[in-house]
Amino acid sequence: MSSHDSSGETRRRALEIRRRIIDMAHRSGSAHVGSALSCADILAVLYFEVLRLRPWENRDYFVLSKGHAAMCLYAALDLSGILEPGQADSYFLNDGALPAHLDRFTGRGIEVSAGSLGHGFNVALGLAYGLKLRRSPQAVYALIGDGESQEGSIWEGAMFAPKLGLDNVTVFLDFNNLQGYGRATELCSFEPVADKWRAFGWHAVDVDGHDHEALCDAIAQRSGGRPKMIVARTVKGKGVSFMEDQLVWHYYVVTAELRARAMEELQ
Amino acid sequence: MRSSFIDAVIALSKERPEVFILSGDAGLGVFDQFQRTDPHRFLNMGVAEQNMAGFAAGLAMAGFRVVLYNIIPFVLYRCYEQVRNDICYQRLPVVLTGIGSGVTYAPAGMTHYSVEDLGICRTLPNLTVLSPIDPVEARAAAAFALQATAPVYVRLPKRGEPTFHTHGDIDITLPQVLQVGAEVALLFHGSVAEEVIAAVEALGAEGACPLVIALPLLQPLAEDALVPLLAEMRHVVTVEEHFVGCGLGSLIARLATRHHVGWRLHTLGIADGFIHEIQDCRHLRQRHGISAAGIAATVRRLLGTRAAARRKAV
């Protein structure tokens, strides 16, 4: 148990986010459960320890750029009481309230429509610059994937943001090293990824993306006027042993039997 | 026309502190004064169009009225998906300002021509499309775009275009009747205006008087206003510096299928295909039948057909 979360409350919430992800994936028969489980700890820390959400009109923003991990965002928003009660229950179902990839008109707290990779990140930069121009204390957090990091738009934004002194931006790289059909580190010249961001002028930190205390420490670090990149080393499917670091859980569906097995582990 | 548009944006920005201009390393000299007076409301985003379009969406979410400026391929083509997902899907009021419409940059080469942009815009719901013919319409387009609550694309040529409207008080959302006439209507938009007007002047000298209508608002097309104007026509000729298959010509063809019209449609424009000829704008217009001479010849042929039919009936 980490010292900052002495009651274990955030850890319990991360567990509950994972349980809701499994439930949503099972009910809907949709894919990307491994991608959603991968970033559950980051979203638990953000929504229950970091984001300032009251008053809502002056809230901090979280932009999920890897929009295919939508179930994790829906679970965190549901657990935070930001979504309408029951809204997440009809995820990905006919006439349901929430789609598989993010549509900002479908629910409160879905800040940016995202699904195609390499979009939300750049929108987040523009949003952060706008808030800075308005001298707002609101902060912008964004989360990108390692597969997403192969998009050129990511590096266009990476090259531009430091010039603007966007120290109100914190970007997480959910580095689980498993994308749709392989490992990022094998598909391209991915590492040393934190050094790449440093070379572009970002304050980059390399942490265990499931260690809440490490995540909090990284978030709290002063960036010296620069935008911040937190390279979060994660495990795809984290929390469910038979999904962890398994390529197939980018697309596999959670059957009733697998749901039961997963829930046993997520106690 | 680009300066008329940007100057109008800058003039309106004096009362609108939320106006913010993004340039993609384009517009030499156009923003010099604004950069001096309002340095915190201008950014050169460099040669990074995807970032620029996404960034514009984010700035708009923060409450800014973003005017994004670049040549058309770098406004719509390179970053199509950012325009689609980040700006249009999210219905954010970004003003997409594209320069170099049609073949106005000829002989710069096909990479720098914009003869399919209207076709691309037709795939983008929520997007309003304006193609002004002269500085008066460009200024009206600026005023409209800064008031809009959804994205607007403004299609502009380059600079030095003449003025055709006789007064500045126009409603840019309506068809602009520049000459009342009979039998044949000429519909057009944007940079080919000087050819159309020269053709109309030549025809006038011969005693021919077609109806002449500019359509600065192409999306959504003001069908209810346009259809009655064409009611008495025998022929409608569309003229544009754009592929006819996905521009005004095809819009009017679609209109004709939805309404009971008594006229025949003739579409003039750039023929489908990549342009490899090294010719300036004037010569390319001639080659594609949208020079003043080409347009006048088409109208003469249609009026002649009518006259011949009359003679036959007698």
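This is a predicted model: local features need pLDDT of at least 70, side-chain atom pairs count only at pLDDT 80 or more; totals for chains, interfaces and linings use all residues.
Local features need pLDDT of at least 70, side-chain atom pairs count only at pLDDT 80 or more, and totals for chains, interfaces and linings use all residues. Residues are numbered from 1 along each chain as its sequence is written, chains are lettered from A and ligands numbered from 1 in the order in which they are written, and side-chain values use heavy atoms, without hydrogens and water.

**Helix α1(B)**

Helices (H or I, at least four residues) and strands (E, at least two) are DSSP runs, numbered from the N terminus. Helix α1 of chain B holds twelve residues, 2-13.

**The open sheet**

Five strands of chain B run in the order β7-β9-β8-β11-β12, with mixed pairing. Strands pair if DSSP finds at least two bridges between them. β7(B) and β12(B) each have a single partner strand, so one side of each lacks a neighbour in the sheet. β8(B) and β9(B) pair in the parallel sense over four bridges. Ala185(B) has Leu211(B) as its bridge partner in β9(B).

Angles run from 0 to 180 degrees between N-to-C directions, with axes fitted to C-alpha atoms, for helices over the stretch in contact.

| Helix | Residues | Strands | Angle |
|---|---|---|---|
| α8(B) | 193-205 | β7, β8, β9, β11 of chain B | about 160 degrees with β8(B) |
| α10(B) | 248-258 | β8, β11, β12 of chain B | about 145 degrees to β11(B) |

Methods
The expected span of a helix is 1.5 Å times one less than its number of residues. Contact means heavy atoms within 4.5 Å.
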